[in-house]
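Here is a short briefing to read alongside the model. Have the sequence and the 3D view open, and follow the topics in turn.

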Amino acid sequence: MAITIKSAREIELMRESNKRIAEVHKAMEEMIKPGITTWEIDAFAEKIIRGMGCIPNFKNYHGYPASVCCSVNDEVVHGIPKKERVLQEGDIISLDAGLIYKGYHSDAARTHAVGKVAPEVLKLMEVTKQSFFEGIKYAMAGHHVYEISNAIDAYVSQFGYGIVYDLTGHGIGRELHEGPEIPNFKQRSKGPKLRTGMTLAIEPMITMGRPDVEWLDDDWTVVTEDGSWAAHYENTILITDGEPEILTLY
Ligand code: MF3
Ligand code: CO
């Protein structure tokens, strides 16, 4: 997939697109409580996205059937929303969502606790989020992709967690998935050089056990092989000559 450098106009459209998905995430977070279904979360998010005059970019992407990925507990990513999937106190849910605004994509993910969760699960969520911030310390023009990957790995590995290696972050723009790939685990090769005007979705996926994952028979839901729980944290960022601009914070 091609790596693209955005013009000043395109950067403005990326800001607008990603600001909108941040709002959708905020609204979804407020819904999370025991008793709600993943179907309701997805339906609500789709309604907000369409109400903004935008398009949910995951819907029909390679046949994905919903607007939001709702991944619960040992589901890592790409969980399909279901009417019968009722959230329970103590669960965690990873919500991944994006939209298209005037032709430009956004993408962000958060893991939320449902009610009160075990302290070791909270720790997993905290470390996953912090690993994104450790990674983006190197997300600056002139650095290389592997500096981001290695910083995430070095931070997460201290805690003995598993770093999912089957899925990576990615460039984003007029396409949901552009180059470069951004692995969350240690790399030997430097990978592409970062340049001002790149927009990247950086998204560590971390497990409490082994890093290995498998795909369910629905061909989408990615679960841990060992049944350990997993967290996901993703923002779309803009590379600049200085600190990166995080486009999906709320
Ligand atoms: N947000 C996911 C990613 O970062 C995309 C979900 S795949 C889809 O790559 F099919 F659900 F869109
Ligand atoms: Co992504």
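Helices (H or I, at least four residues) and strands (E, at least two) are taken as DSSP runs and numbered from the N terminus. Please keep in mind that this is a predicted model. With that numbering, Leu176 sits in the loop between strand 9 and strand 10 (178-182).

**Around Leu176**
- Leu176 has a relative accessible area of 4%, so it is buried.
- Beyond residues up to four places away in sequence, Leu176 touches Asn57, Phe58, Tyr61, His105, Ser106, Asp107, His170 and Gly171.
- Leu176 lies 9.0 Å from Leu99, C-alpha to C-alpha, although 77 residues separate the two in sequence.

**The cobalt site**
- The cobalt ion (ligand 2) has Asp107 (OD), His170 (NE2), Glu203 (OE) and Glu234 (OE) as its protein donors, 2.1 to 2.2 Å away.
- Along the chain, these donors follow the spacing D-x62-H-x32-E-x30-E.
- Distant parts of the chain are linked by His170 in strand 9 (residues 169-171) and Glu203 in the loop between strand 11 (199-202) and strand 12 (205-207), 33 residues apart.
- His170 counts as buried at 4% relative accessibility, and Glu203 is buried at 7%.

**Nonpolar cores**
- The largest nonpolar core has 36 residues, and Met28, Ile41, Leu87, Ile93 and Leu95 have the most contacts inside it.
- Helix 1 gives the largest share of this core, 7 residues.
- Ile41 is in contact with Met28, Met31, Ile32, Ile36, Leu87, Ile93 and Leu95, leaving aside neighbours within four places in sequence.
- A second, separate core has 26 residues, including Phe132, Ile163, Leu194 and Ile202.

Key:
Residues are numbered from 1 along each chain as its sequence is written. Chains are lettered from A and ligands numbered from 1 in the order in which they are written. This is a predicted model: local features need pLDDT of at least 70, side-chain atom pairs count only at pLDDT 80 or more; totals for chains, interfaces and linings use all residues. Side-chain values use heavy atoms; hydrogens and water are left out. Donors are N, O and S atoms within 2.8 Å of the metal (3.2 Å for Na, K and Ca); water is not among the atoms, so sites may look incomplete. Buried means under 20% relative accessible area, exposed over 50%, partly exposed in between (1.4 Å probe, protein chains only). Contact means heavy atoms within 4.5 Å. A nonpolar core is a set of buried Ala, Val, Leu, Ile, Met, Phe, Trp, Tyr and Cys residues joined through side-chain atoms within 4.5 Å.
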